[in-house]
Amino acid sequence: MDKLLELCALFDRTLDDLVRGDLTAGPSPAADTAGYDAHMNWFSRIIAAGVGLLLVGIAASQILESMRLPKAVYDGTLFLAAIPAILLCIVGGMQHSQFAKKHPEIAPFYSAAEEETAQRRFIPRVATGVGLILCGILSTVLGEGLPLPPGCTPEFYDGILLFFLACGVAILVYSGLQKSKYDIASYNKNHLPSEGEGASNPLTDKACGVIMLLATLVFFIGQIGLGWERAWLAFPAGGILCAIVSIVLEKKN
């Protein structure tokens, strides 16, 4: 028995494979002992839901405002969506950070067939997300020649654009996170403590966190306090600033 166990370790096979199995089929894939797949699926859904819900709240607020309803109605609608949206993103980010600290290294376990299936799903998902955003832009263009609903202002079609944008962006966020799930090498590279090439720069993470918190603050002050119609632009601007900071602060090899 000891000899059989030594052979199992040598050839990376199970005892059943050695005794009765087909040894030409290649080594058995590693098991997902950390629950990585389930965690990343949950993380993809909760972050996409948070981002989508926030944009839906902005869209609903814009449409209600175009209907000339009291300010408390559309501001309240915005907060009803924004509060759970922000909480979802906070919970998702903190849980993911805790998971990464507990499991900084994951042994690759996805088969080639699973990765190929994921790639096939990624392409139509991205196309769907981009298509929805383009449909929103189209609705704004057509809205210039279409009649407005009774009692509404032209900003009504801006709200429709934001609804399409919310759906499209949520799909793109989910698709991107699902695709990155299969890149276990990058996950390990980003979370394993290292002083060499590819070490994560904590200053970049902190700077991006501050930028997005400031973007949220600018949005709420602009939307609620000053009545800016384009206050939502603070979020894409914050994303662009994060990309710039990541490039500037990137660690040199």
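Before clicking, note that the model is predicted, so to speak a computed picture: local features need pLDDT of at least 70, side-chain atom pairs count only at pLDDT 80 or more, and totals for chains, interfaces and linings use all residues. Residues are numbered from 1 along each chain as its sequence is written, and side-chain values use heavy atoms, with hydrogens and water left out.

**Stop 1: the whole thing, as cartoon**

Show everything and you get 9 helices and 0 strands. Helices (H or I, at least four residues) and strands (E, at least two) are DSSP runs, numbered from the N terminus. Along the sequence the pattern reads α-α-α-α-α-α-α-α-α. Colour by burial next: of the 253 residues, 32% are buried. Here buried is under 20% relative accessible area, exposed is over 50%, and partly exposed is in between (1.4 Å probe, protein chains only). If you draw contacts (heavy atoms within 4.5 Å), then among those between residues at least 6 apart in sequence, 77% join residues at least 24 apart.

**Stop 2: α3 against α6**

Two packed helices are described by the angle between their axes and the distance between the axes. Select α3 and α6: they pack at about 170 degrees, with axes 8 Å apart. The axes are lines fitted to C-alpha atoms, for helices over the stretch in contact, and angles run from 0 to 180 degrees between N-to-C directions. The pair is therefore roughly antiparallel; angles over 145 degrees get that label, while under 35 is roughly parallel, 65 to 115 roughly perpendicular and the rest oblique. What lines this contact? Its residues split into 23 nonpolar, 8 polar and 4 charged.

**Stop 3: the cores**

Switch to side chains and pick Tyr36, Ile106, Phe109, Ile184 and Tyr187: of the 14 residues in the largest nonpolar core, these touch the most other members. A nonpolar core is a set of buried Ala, Val, Leu, Ile, Met, Phe, Trp, Tyr and Cys residues joined through side-chain atoms within 4.5 Å. Helices α3 (36-66), α4 (71-102) and α7 (184-191) each put in at least two residues, and α3 gives the most, with 5. Apart from this core lies another, of 10 residues, among them Leu55, Leu78, Ala82 and Leu162.

**Stop 4: single residues**

Leucine 172 sits in helix α6 (residues 156-181) and is partly exposed, at 28%. Beyond neighbours within four places in sequence, leucine 172 contacts Val126, Gly129, Val130 and Ile133.

Now serine 139, in helix α5 (residues 112-143). Is serine 139 buried or exposed? At 13% relative accessibility, serine 139 is buried. Leaving out residues up to four places away, serine 139 touches Tyr157, Ile160, Leu161 and Phe164.

Arginine 68 is in the loop between α3 and α4 and is exposed, at 58%. Check its backbone: phi is positive, about 60 degrees, although arginine 68 is not a glycine.

**Last stop: cysteines**

Select cysteine 89, partly exposed at 28%, and cysteine 135, partly exposed at 37%. How many disulfides does the whole structure hold? The search finds 0, taking a disulfide as a pair of cysteine sulfur atoms within 2.5 Å.

Terms used. Ala, Val, Leu, Ile, Met, Phe, Trp, Tyr, Cys and Pro count as nonpolar, Asp, Glu, Lys and Arg as charged, and the others, Gly among them, as polar.
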